[in-house]
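Let's take a walk through a protein model, one piece at a time. Keep the 3D view open while you read.

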Amino acid sequence: MIANPPPWPGGARCAVAFSFDVDADSVVHAAHRAEAPAQIHALAHMRYDPFVALPRLAGMFAERQVPVTWFVPGWVIDTYRPQMDVIIGNGNEIAHHGHFHEWPSQQERIDEQGALEAGIERIRALTGAPPRGYRAPYYGLSLNTFDLLVEAGIAYDSSLFADDVPILLKTGNGSLFELPVPASVDDYNQYVSSRALDHLMTISPPDTATAVFRAEFDALWEDGGMWVGVWHPAVSGRPAQARAIAKLIDYMQAKGGVWFATLGQIADHVWRLTDAGLWTPRAETVPFYRDPVLR
Ligand SMILES: [Zn+2]
């Protein structure tokens, strides 16, 4: 049912990438600016990321030898530098998620470029290498984002619900891969009910939430697709939710035929296939429209 799945390494049925957006309280500062210090409840909620959830999740994934792609804003790296140690190594990847978690679509090109450069510099200082990938804060891409990513040497974006397998995005100045995320795997939709964060969902039992994630995985496994989890430590790193993730990993490992990889490894793989002529990705030119269709 998937038209054009790439061949996965080792004959795997599907690729699985666990990714977390380590926003910490950058989102509170980005949203409230001068008023942010008085947002005690929201700040405390998001500081759960570095102080409680990261060590728990990093340990759980390392125990199972499953790599994780951590999308971390530059400001979070600066502010919580000692807490970053647990997510470095163990085959993990650190990828770009803005600097202050700014909305790219609300920034001038020069400011978006500045945030991109600041985030790259922080990741280079943290890991010794520039990031390979990017996820737009709030999925809020601008008309300039893909051009800027290509100029900055970023190999992939992972922000769009565009397909079930990687696709090639062509810009005016080059190309990059989109590693699309399934539309139903964001944990905010399952678990977050917070007036302080202005997000009021009905909270799902972890087994119910995991049933949604697992159904996506089962379908993509059947069809040769790519499953990407888009989660947040302060949401999915709480005790019951983290246990549900551990059960999901156990389920995937027991089912077999899964290539557990970072998004960076998946990007490298599909670039290699494409360059060697072994697979031809669906291609889109971005942005899709420069001018309004209707006026
Ligand atoms: Zn985020």
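Predicted model: local features only at pLDDT ≥ 70, side-chain atom pairs only at ≥ 80, totals over all residues.

Seen from the inside, P206, A209, T210, F213, F217, L220 and W221 are the buried residues of α7. They take up an arc of only 110 degrees around the axis, so they sit on the same side of α7. Why does a pattern like this come up in helices? An α-helix has 3.6 residues a turn, so residues three or four places apart point the same way.

What does the buried side of α7 pack against? Its partners are β1 (14-21), α6 (188-191), β10 (226-231) and α9 (239-255). Turn to the face pointing away from that buried side and you'll find the exposed residues D207, T208, A215 and E222.

## Either end of α7

Is P205 buried or exposed? P205 counts as exposed, because 12 other C-beta atoms lie within 10 Å, and a residue with 12 or fewer falls in that class. In sequence, P205 and Q241 are 36 residues apart, while their C-alpha atoms are 8.6 Å apart in space. Just after α7 comes G224, with a positive phi of about 80 degrees.

## Into the core

The largest nonpolar core holds 75 residues, and C14, W70, L176, M226 and I266 have the most contacts inside it. Which helix gives this core its largest share? That's α2, with seven residues.

L176 is in contact with F146, L149, V150, I154, A155, Y156, D157 and L169, leaving aside neighbours within four places in sequence. L54 lies in helix α2 (residues 40-63), and L54 counts as buried because 25 C-beta neighbours are found inside 10 Å. Skipping its neighbours within four places, L54 touches D49, Q83, V86, I87 and P233.

## Another helix to check

Now try α10, residues 263-275. Its 13 residues at 1.5 Å each should span 18 Å, and because its end C-alpha atoms are 18 Å apart, that agrees too. The buried residues in α10 are L263, G264, I266, A267, H269 and V270. After α10 comes G277, and its phi is positive, near 75 degrees.

R33 isn't a glycine, yet its phi is positive, at about 45 degrees. You'll find R33 in the loop between α1 (26-32) and α2. R33 is exposed because it has 9 other C-beta atoms within 10 Å. Y138 is another non-glycine residue with a positive phi, near 60 degrees. Its place is the loop between β4 (133-134) and α5 (145-151), and Y138 is partly exposed, with 19 other C-beta atoms within 10 Å.

Finally, find the cis peptide bond that joins V286 and P287, where omega is about -5 degrees. P287 belongs to the segment after β12 (283-285).

Note on methods:
Residues numbered from 1 in each chain as written. Helix = DSSP H or I, 4+ residues; strand = E, 2+ residues; numbered from the N terminus. Buried ≥ 20, exposed ≤ 12 C-beta atoms within 10 Å, placed from the backbone. Contact = placed C-beta atoms within 7 Å. Expected span 1.5 Å × (residues − 1). Arc of directions from axis to C-beta. Core = buried A, V, L, I, M, F, W, Y, C linked by C-beta atoms within 7 Å.
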